[in-house]
Amino acid sequence: GISGGESLSTAGPIPGHARVSSIMSSVIVATKTAPTIRRPVLSSGTAPRSSLPSHRIVTRRIERVPSASSSSVVASVGTVERREELKGIQTGFRRGGMPLKGGGTLAARLMEGSDVKSATEVMTESFRGSPDERPRARVAKYLLDQLDSGPDEACLVGVDEISDEVVAVVTLSFSQAARGGADAAGSRGVAGSGAKSLPSPADAPYLCNMAVRESARGRGVAKALLGACDELVREMGGADMWLHVRLSDPVATGLYRGAGYLVEATEEKKAMMFFKQEGAGIALMRKELVPGGSNSIFA
């Protein structure tokens, strides 16, 4: 999903001092329609646009409980060697020269410490006025935690190559543990991605919390960043990507459909208490990145 002008992503509420696997997600309004899911799994979410409340492209988020240290929040998945290899792929990832409407180009790379302030501004702005709006301090805490999340999660930023300004941010998670699932360390007490009825596959990459700076919307930033996410996932050994989006948001669903995502299942009855928007259902969407392939990220 997207938010505000051009935010796309999946997430859940951000607990006070807890690490969250995906922050905001104005898309998590679960429904009662019997879902037709192809395979059992977890879930995620979308973020909001900003100026047009009726056109929020949101993706969902997930919530984590407080932990003594960020390193203890996510249970290790895969061998030490494979995890180091994946972290190297994420750290070295960079896609530049992606053309934008009206001129200019976008670069996508892993978020660095120096990007946190700008990324916080982008995400806070995008979710402002949505059911998933969170205090700036919580957003900053979430993004700071992403700097030390290991290969289970990756936070990418979109940078305008002319102004060198961070204009977009998006989070990807690659394991159930990162999304606060049953195999994560500790007891969560909540669904990892916030939608028990429409879970995404536990071993599949999940897109969440995508947000685009209001001044950069309408230039194709979201589409370019989605393409960069696809490339990173393929390099890591992923075969598909999943997300959630509000059924009531034609802008968001149109963006994802245009990027190659197909609806796997839908729910139309509100089920999650922290999603306050009445009457909005959600769709679980999937994009196949490697035809006939299977996810082997931590294999």
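Student: Is asparagine 209 buried or exposed?

Tutor: Asparagine 209 is buried, with a relative accessible area of 0%. Buried means under 20% relative accessible area, exposed over 50%, and partly exposed in between, with a 1.4 Å probe and protein chains only. This is a predicted model, where local features need pLDDT of at least 70, side-chain atom pairs count only at pLDDT 80 or more, and totals for chains, interfaces and linings use all residues. Residues are numbered from 1 along each chain as its sequence is written, and side-chain values use heavy atoms, with hydrogens and water left out.

Student: Which strand holds asparagine 209, and what is its phi?

Tutor: Asparagine 209 lies in strand E7, residues 206-212. Its phi is near 55°, a positive value in a residue other than glycine. Most residues other than glycine have a negative phi. Strands (E, at least two residues) and helices (H or I, at least four) are DSSP runs, numbered from the N terminus.

Student: How many helices and strands does the chain have?

Tutor: Five helices and ten strands. Of the 299 residues in the chain, 59% are buried.

Student: And what about strand E5, how many of its residues are buried?

Tutor: Eight of eight, over residues 153-160, so E5 is largely enclosed by the rest of the structure. Glu153, Cys155, Val157 and Val159 point one way, while Ala154, Leu156, Gly158 and Asp160 point the other way.

Student: What does E5 pair with on the E4 side, and how many bridges are there?

Tutor: E5 pairs with strand E4, residues 105-110, in the antiparallel sense over five bridges. Two strands pair if DSSP finds at least two bridges between them. Valine 157 in E5 is the bridge partner of arginine 109.

Student: How many bridges with E6?

Tutor: Eight, again antiparallel, with E6 covering residues 165-173. Leucine 156 stands opposite valine 170 in E6. The two strands E5 and E6 form a hairpin with four residues between them.

Student: Where is aspartate 164, and is it buried or exposed?

Tutor: Aspartate 164 is in the loop between E5 and E6. At 62% relative accessibility, aspartate 164 counts as exposed. Its phi is positive, near 60°, and the residue is not glycine.

Student: Changing topic: how many disulfides?

Tutor: The count comes to zero, where a disulfide is a pair of cysteine sulfur atoms within 2.5 Å. For cysteine 155, the nearest cysteine sulfur is that of cysteine 208, 8.8 Å away. Cysteine 155 counts as buried at 3% relative accessibility. Cysteine 208 is also buried, with a relative accessible area of 0%.

Student: What pLDDT does the chain average?

Tutor: The average is 74, and 64% of the residues score at least 70. The pLDDT is the predictor's confidence in each residue, from 0 to 100.

Student: Where is confidence lowest and where highest?

Tutor: Lowest in strand E1, residues 2-3, at a mean of 34, and highest in E4, at 98. Over residues 182-194 the pLDDT stays under 50, and the model has 41 contacts there beyond four places in sequence. A contact means heavy atoms within 4.5 Å. Residues 271-279 also have pLDDT below 50, with 28 contacts beyond near neighbours in sequence.

Student: What share of contacts in the chain is between residues 24 or more positions apart?

Tutor: Among contacts with a separation of 6 or more, 78%.
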